Amino acid sequence: MEQINSEMTTLLDHSMMYQPAGEPLVSKKNINGAEAVILSLIAEGVDAVFGYPGGAIMPIYDELYHYTDQLRHLLVRHEQGATHAAQGYARVSNKVGVCFATSGPGATNLITGIADAMIDSTPMVCITGQVPKHLLGTDAFQETDVVGISMPVTKWNYQVTSPEEIPEAIAKAFYIAKSGRPGPVLIDITKNAQIETFDFEYKKCEKVRSYHPYRKLDKSKLKEAAELINSAKKPYMLIGHGILISEAQQELKDFVEKTGIPVASTLMGLSAFSNNHPQYVGYLGMHGNYGPNIKTNECDVLIAIGMRFDDRVTGDLNRYAKQAKVIHVEIDPAEIDKNVKTDVAILGDAKAALNALLPLVKSKTYADWLAEFAACDREEKKKVIEKDFAPSTEKLKMAEVIHQLSNLTEGKAITVSDVGQHQMVVSRYYEYLETDSNVTSGGLGTMGFALPAAIGAKIAQPNREVVAIIGDGGFQMTLQELGTIMQEKVPVKVLILNNSFLGMVRQWQQLFFDKRYSFVDIESPDYIMLAQSFGIKAQRVSEREDLQDGLSNMINSQESFLLEVISEKENNVFPMIPSGASVTDIRLE
């Protein structure tokens with residue numbers, strides 16, 4: 001069975017959907033299905049696979065043994081780590097991440113990462129082994145219906161039961177994963193299909209019947225949008241992950257500088273627009289900047305590009321931007337009017353839409369409007385930022401650690417943050433000056449994401465500094481991936497902000513549950529000894545005067561390095577919009 005989710009129409013006839021491109025990229029007579037898998041990946045330009053072998057996928061691993069000069073395999077320590085590593089790889093390379101797993105528990109261990117990739121629109125192809133065709137449905141050893149299990153969290157999935165299906169299925173998988181709104185795809189291959197032979201030809205997929213990932217821009221909608229923008233007194237632009245996905249960073253910059261409009265970023269949109277640009281006004285969301293949140297309810301035209309109006313951005317929808325005309329540029333029609341009612345919906349790719357809008361909009365400036373954001377910045381600085389940076393407590397604060405890291409790396413490192421207070425602090429205080437630099441788990445909020453995702457990011461961008469920034473809770477969920485760093489010699493940097501709490505949960509318990517700290521105290525192993533046992537250099541910092549040297553030692557290391565920073569236990573992240581409140585209810589303290 002198979003399907004394409006979200007904006008895609010359900011596909012019914014597998015044999016007639018696939019439209020390959022021209023002559024075969026590669027062909028080979030009388031090979032088995034396992035070798036066909038490897039040759040198909042190479043034909044798609046794949047250079048790295050993250051995975052874990054097992055019985056049902058063993059034939060593929062046997063063929064991979066002969067192709068390690070063309071296709072690097074990184075042995076993770078848990079299949080969830082393979083998915084997150086593939087996500088990190090995809091997010092900073094704009095390529096499709098690939099992972100392998102065996103049947104049964106191997107396949108089910110992928111599900112969290114697949115769900116994460118689905119909600120964060122990350123292109124990924126997961127290939128799982130399956131029991132032989134004749135054993136399907138018999139509850140054979142390590143048989144699990146991974147196609148059925150993964151259906152709600154994949155963009156498309158398919159079970160291959162004969163080797164002849166392999167090249168077509170993989171070609172479609174890569175096309176579907178990367179095109180339109182990207183997402184994860186799963187191909188489940190029975191063991192007999194890996195072993196049986198056929199004459200192999202591989203052609204890339206260029207089209208799938210009933211699937212229309214790129215819509216032709218509606219000129220009348222573009223004109224309506226331009227008229228609203230040109231007549232606006234207080235226009236305001238919200239940018240999301242779609243800018244990065246469509247590689248529209250330059251088009252965005254050109255549009256913003258011509259129109260003079262203030263720009264704010266969602267969590268997933270961070271690094272799409274330079275933080276030091278004079279029209280960048282900050283970060284949106286529950287723990288975002290003060291001005292970007294409250295000004296949402298004061299603008300007259302709201303332009304949202306490549307973002308989905310997540311609840312962490314909107315707060316109470318009944319009190320969100322009711323005064324504004326809303327223009328929504330979005331590639332997925334399922335997102336249009338799903339949360340926020342739009343006045344003008346432009347269905348299409350962000351890059352194409354910005355290019356089409358640019359000649360239609362007027363050159364303007366909004367000095368007074370930008371000054372209102374600046375006034376909010378001053379208030380936030382006085383009530384929040386100065387306190388976050390001031391050495392008012394004995395223990396280090398997360399904010400000062402991230403601020404120093406940002407300065408030390410000149411805003412050019414790839415930060416891979418986990419989920420929790422430290423994630424919000426990174427989003428607030430790392431100054432992104434280079435694009436494709438923010439990797440985090442947004443929609444699903446997956447603790448344990450950062451360490452394996454940083455491995456994938458470093459494999460994709462070996463010449464860039466990659467720093468995994470993780471809380472002590474999230475780190476303990478996937479710390480086994482230090483073994484991957486050790487064995488594969490991946491020079492990622494790991495910064496653990498250790499406050500001995502599940503910090504974000506504790507903050508909510510303090511503010512909304514009368515300080516009933518229910519099971520949020522968390523003890524940690526000796527991270528320095530742990531890292532050293534994996535052959536990784538490590539250092540612990542607990543005093544403020546040692547922080548700069550510790551960060552420098554981490555960044556200057558030519559090898560992997562783990563830095564543990566003991567941070568203040570009960571430090572809260574502000575501003576904060578309480579759950580279900582309006583963006584205007586944002587609290588500064």
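**A walk through the predicted model**

S271 is buried, at a relative accessible area of 4%. Buried here means under 20% relative accessible area, exposed means over 50%, and partly exposed lies in between (1.4 Å probe, protein chains only). This is a predicted model, in which local features need pLDDT of at least 70, side-chain atom pairs count only at pLDDT 80 or more, and totals for chains, interfaces and linings use all residues. Residues are numbered from 1 along each chain as its sequence is written, and side-chain values use heavy atoms, with hydrogens and water left out.

Where does S271 sit? S271 is in the loop between β13 (263-265) and β14 (280-283). Helices (H or I, at least four residues) and strands (E, at least two) are DSSP runs, numbered from the N terminus. Setting aside residues up to four places away in sequence, S271 touches L244, Y432, E434, T435, D436, S437 and N438. Contact means heavy atoms within 4.5 Å.

T161 is another buried loop residue. Its relative accessibility is 18%, so T161 counts as buried. The loop that holds T161 runs between β8 (156-160) and α8 (166-178). Leaving aside neighbours within four places in sequence, T161 is in contact with K133, L136, T190, N192 and A193. T161 and K191 are 30 residues apart along the chain, and their C-alpha atoms are separated by 8.2 Å.

Now the helices. Every residue of α18 (residues 421-429) is buried, nine of nine, so this helix is largely enclosed by the rest of the structure. The buried residues are Q421, H422, Q423, M424, V425, V426, S427, R428 and Y429.

Next, a helix pair. Helix α10 (residues 219-231) packs with helix α15 (residues 350-357) at an angle of about 65°, and their axes are 10 Å apart. Axes are lines fitted to C-alpha atoms, for helices over the stretch in contact, and angles run from 0 to 180 degrees between N-to-C directions. The crossing of α10 and α15 is right-handed. That term applies if the near helix is turned clockwise from the far one by less than a right angle, and left-handed applies if anticlockwise. Which residues of α10 and α15 make the contact? L222, A225 and A226 come from α10, while A353, A356 and L357 come from α15. The contact residues divide into six nonpolar, no polar and no charged. Ala, Val, Leu, Ile, Met, Phe, Trp, Tyr, Cys and Pro count as nonpolar, Asp, Glu, Lys and Arg as charged, and the others, Gly among them, as polar.

Turn to the aromatic rings. The structure holds 15 aromatic pairs. Rings of Phe, Tyr and Trp (its six-membered ring) pair if their centres lie within 6.5 Å; planes under 30 degrees apart count as stacked, over 60 as edge-to-face and the rest as tilted. One of the pairs is F475 with Y527, edge-to-face at 5.3 Å centre to centre and 85° between the planes. This pair links distant parts of the chain: F475 is in helix α20 (residues 472-478), Y527 is in helix α23 (residues 527-533), and they are 52 residues apart. Both F475 and Y527 are buried.

W508 and F512 form another edge-to-face pair, at 5.6 Å centre to centre and 70° between the planes. They are four residues apart in helix α22 (residues 503-512), so about one helical turn separates W508 from F512. W508 is partly exposed, at 23% relative accessible area. F512 is partly exposed too, at 32%. Elsewhere, ring pairs link F198, F200 and Y202 into a cluster.

R506 lies over the face of F501, at 5.7 Å from the ring centre. K569 also lies over the face of F501, at 4.8 Å from the ring centre. A charge sits over a ring if NZ of Lys or CZ of Arg is within 6 Å of the ring centre and within 35 degrees of the ring normal.

Last, the backbone. Most residues other than glycine have a negative phi, and most peptide bonds are trans. Q142 is not a glycine, yet its phi is positive, about 60°. Q142 lies in the loop between β7 (124-130) and α7 (146-150), and at 27% relative accessibility it is partly exposed. K489 also has a positive phi, about 55°, without being a glycine. K489 is in the loop between α21 (482-488) and β21 (493-498), and is exposed at 69% relative accessibility. The peptide bond from F574 to P575 is cis, with omega near 0°. P575 falls in the segment after β23 (561-566).
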